[in-house]
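Please open the structure in a viewer and keep the selection tool at hand.

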Amino acid sequence: MPPRRQQFSQADIDAQLQQIHLLDPSSPTENLESLAPLIKTIHDNHQVEAFLRTSSGLVESKEKEIETICGNNYPDFVSSVSTLLTVRSYTENLRERIQTLDSSVSAVGSSFASKKKSLLQNKKTAGNLDETIDTLQACLRVLDLVNRVGDMIKEGKYWSALKSLEDIESLPQSSLSQSPFFIYLLSSLPSLRAQVKDAVTASNKSWLLEIRNTSNQVGKLALEAMRTRTRRWKAKREKEPLLTLSHVGSAVELVMNEKVEYNVLDNDQLKVDFKPLYQCIHIYTALDAIEELQRSYQADRKAQASLILSDRMSSTSSSLGLATTLLPLTEDIIGFFIIENHVLRTTRSFRSQREVEELWDTVVTRLAQVVQAILKNEGDVDTFLGCKDGYSYETEQLRSLIMILFESYSDLLERTISAELKKAVMEDDQLSMYVESIEELETVVGSCWLRKGQPEEILKSSLPVTLPWSQVFYQSCSSIRQFVDKFYSFVEGVSHHHRDIDELLSKALDQLLTKHVSDNIGTRLSSARNIPQIAQLIANVEHFQVACTVLEEQLMKLRATQRGGSIRLQSSSSFTTLRSKCISHLTVVVNEKLNDSMDMGEYDWTPRESSGTPSVYLFDMVNYLTTVVDTLAVRSEVKEDVYKGALSHIANILLNLLVGPEVPVISEAGIQNLLIDIDFLEDEFKRLGKEHLTTVFSELRETSAVILQDDVPAFATPAQRKSKYSHVNPRRLSCLLDKLARYGGSSRIRADQERGEKRRLEAQTVARLPV
């Protein structure tokens with residue numbers, strides 16, 4: 001049987017509640033953890049309702065106790081509640097004030113926080129500004145150094161400027177060292193050094209110009225000092241007979257004049273300052289470019305030496321200038337080499353003895369040339385003897401000098417004439433020259449080189465006369481004649497170097513005629529489209545061919561009188577080539593005009609029957625061709641070439657239409673019409689007496705004959721093809737057979753279709769034949 005449930009009485013519940021201190025007023029704590037076992041026990045014993053009833057009774061009894069207590073203490077309670085309400089109201093007011101104060105404090109705190117944040121940002125900005133200021137100050141210090149470099153360059157303190165640049169490079173490491181500004185500044189230092197170099201170079205160039213102008217005074221003072229020294233030594237020799245055999249410059253004289261009494265470079269009259277040169281040497285040495293300065297200095301001094309001689313030579317025109325020119329020239333040279341000697345002695349290795357000696361040799365040689373130039377037109381023998389005996393100059397170099405002068409003169413003359421020739425060619429109107437007076441006609445004919453008998457023929461003509469050449473031929477002949485006359489006038493009386501002079505003349509004439517006449521005419525030809533103007537160019541070129549031959553003959557006669565060599569002009573071949581180009585160009589332009597008159601667009605290539613008459617366009621084309629060509633002012637040979645080129649062009653057009661892809665289908669009647677056109681062209685040219693030109697139609701005729709005579713089997717036979725149809729090309733014949741086959745295939749007539757099939761098979765057979 002199940003166990004009996006435990007029953008709890010009111011006393012048991014009270015006792016248990018007392019154990020957990022729920023009903024013990026003296027206990028300061030509530031032992032709620034002990035309540036769980038009690039509730040569990042009640043629940044397990046199913047006495048929940050009894051426990052609740054007991055608990056409810058207990059609660060009611062306790063409430064009654066509380067009411068009793070409250071009833072006794074109500075006034076105090078009410079007083080306490082009133083006090084509590086008062087305290088509550090005070091508390092609410094205090095809370096509001098606290099909230100208000102809190103809001104104020106929060107607002108003040110937010111403002112303080114923002115101001116503090118702003119203060120921190122300002123401190124950071126101030127720090128950045130301080131750093132920027134420091135950097136800028138550092139940059140300014142560096143820029144100040146750079147700026148002072150520019151000022152130093154302007155002030156001529158080049159060494160200080162270089163040292164400042166070195167100081168910039170050797171600045172201690174700092175934050176500025178890695179900045180783009182400083183890196184850029186360092187990259188600009190080479191250009192600043194180049195500025196220093198350029199400035200010191202300019203200073204040195206200016207100094208060189210100054211000493212060039214001072215050299216004459218130095219030489220003059222040196223000569224005066226030498227005269228004084230000579231006079232003093234002469235007086236001393238007169239006093240002391242033992243010195244009679246000693247002269248100025250001898251060992252005795254040098255020993256007795258060891259003390260330098262006079263410095264021509266530093267005296268009361270003249271002071272030559274070498275500081276710019278020394279400074280330039282110092283700067284170039286620091287820049288490791290001393291070799292460049294040495295080369296530049298040598299070149300400048302060499303140029304100055306040459307200029308001294310050139311200036312004096314240009315001021316000399318005759319032997320009258322010997323006395324007036326030679327002394328200043330000598331003073332210039334003496335002053336020049338006194339300065340060179342001083343530089344050699346005071347600059348250690350900057351100048352070498354060999355360089356100065358080379359310069360000396362050059363100047364001495366040129367000095368001899370100047371004296372020779374002074375005497376080159378002198379006819380007085382005594383003057384030559386005085387020059388040779390008084391100055392001991394060798395005149396052997398005169399021949400070489402003449403050739404050098406002559407070459408220079410020839411080049412200058414050639415440049416002048418070439419400009420005239422180019423202008424004449426490029427400005428020519430390409431129209432026949434028209435002469436109205438006999439004086440002008442004689443002048444023109446006398447200036448031009450013409451074939452034998454032509455001048456007489458022209459002079460016999462009645463005025464006014466239209467000459468066969470244009471203005472350019474007359475102007476060119478006049479310029480060339482002027483060139484030859486001036487050329488020989490320069491060397492007249494010279495008994496040497498004829499062979500060299502002839503070679504120079506031939507070369508110059510060929511250059512003028514080929515480059516400045518022939519080539520420029522070719523340039524104008526390339527842009528010429530007017531047929532009469534092209535014809536005039538051909539006439540001009542033919543006359544230039546004749547002129548070259550006649551000029552060569554005349555020069556040969558002229559040189560034979562002076563025992564000269566032979567003269568051969570190569571320019572004639574250039575005009576021969578140019579003539580061929582002109583004729584070809586004329587033919588091309590005529591053919592272009594023919595293309596406009598050949599209206600082949602409406603040509604019927606597939607008629608059923610032949611028309612029996614030539615095409616209408618042929619009448620206009622032949623009329624145009626004969627009119628244009630026959631009126632050209634050219635020789636008949638040129639007209640023959642133009643006619644031949646035109647007929648060849650027409651034949652090629654017709655042949656290309658016949659066998660080319662432009663016309664896809666052709667009938668046999670169309671071929672017959674084409675032969676009628678060819679017959680018309682041949683008849684017209686036979687009438688003009690040019691039957692020999694019609695051979696250009698041979699391939700057209702033979703190719704058509706193979707078709708119209710139905711002679712393809714014979715053509716396939718090598719022997720007959722070679723003897724009867726030698727001008728026929730198998731590939732072209734095959735193309736024509738294909739066109740005939742397409743015509744037959746497109747026809748609705750059975751006979752035409754069968755003939756077309758036959759042509760197709762023949763085309764295949766012909767296509768396999770070797771070309």
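Leaving aside its neighbours within four places in sequence, with which residues is Phe483 in contact (heavy atoms within 4.5 Å)? Select Phe483 together with Ser410, Leu413, Glu414, Ile417, Leu505, Ala508, Leu509 and Leu512, for these are its contacts beyond that span.

This is a predicted model, in which local features need pLDDT of at least 70 and side-chain atom pairs count only at pLDDT 80 or more, while totals for chains, interfaces and linings use all residues. Residues are numbered from 1 along each chain as its sequence is written, and side-chain values use heavy atoms, with hydrogens and water left out.

Next, select Trp469 alongside Phe483: of the 106 residues in the largest nonpolar core, these two touch the most other members. Such a core is a set of buried Ala, Val, Leu, Ile, Met, Phe, Trp, Tyr and Cys residues joined through side-chain atoms within 4.5 Å; buried means under 20% relative accessible area, exposed over 50%, and partly exposed in between (1.4 Å probe, protein chains only). Another core, of 30 residues, lies apart from it and includes Met152, Ala199, Ile281 and Ile283.

Then move to Arg301, which lies over the face of Phe336 at 3.8 Å from the ring centre. The charged end of Arg721 likewise sits over the ring of Phe715, 5.6 Å from its centre. The criterion is NZ of Lys or CZ of Arg within 6 Å of the ring centre and within 35 degrees of the ring normal.

Finally, select two cysteines: Cys280 is buried, at 0% relative accessible area, whereas Cys735 is partly exposed, at 35%.

Note on methods:
Contact = heavy atoms within 4.5 Å.
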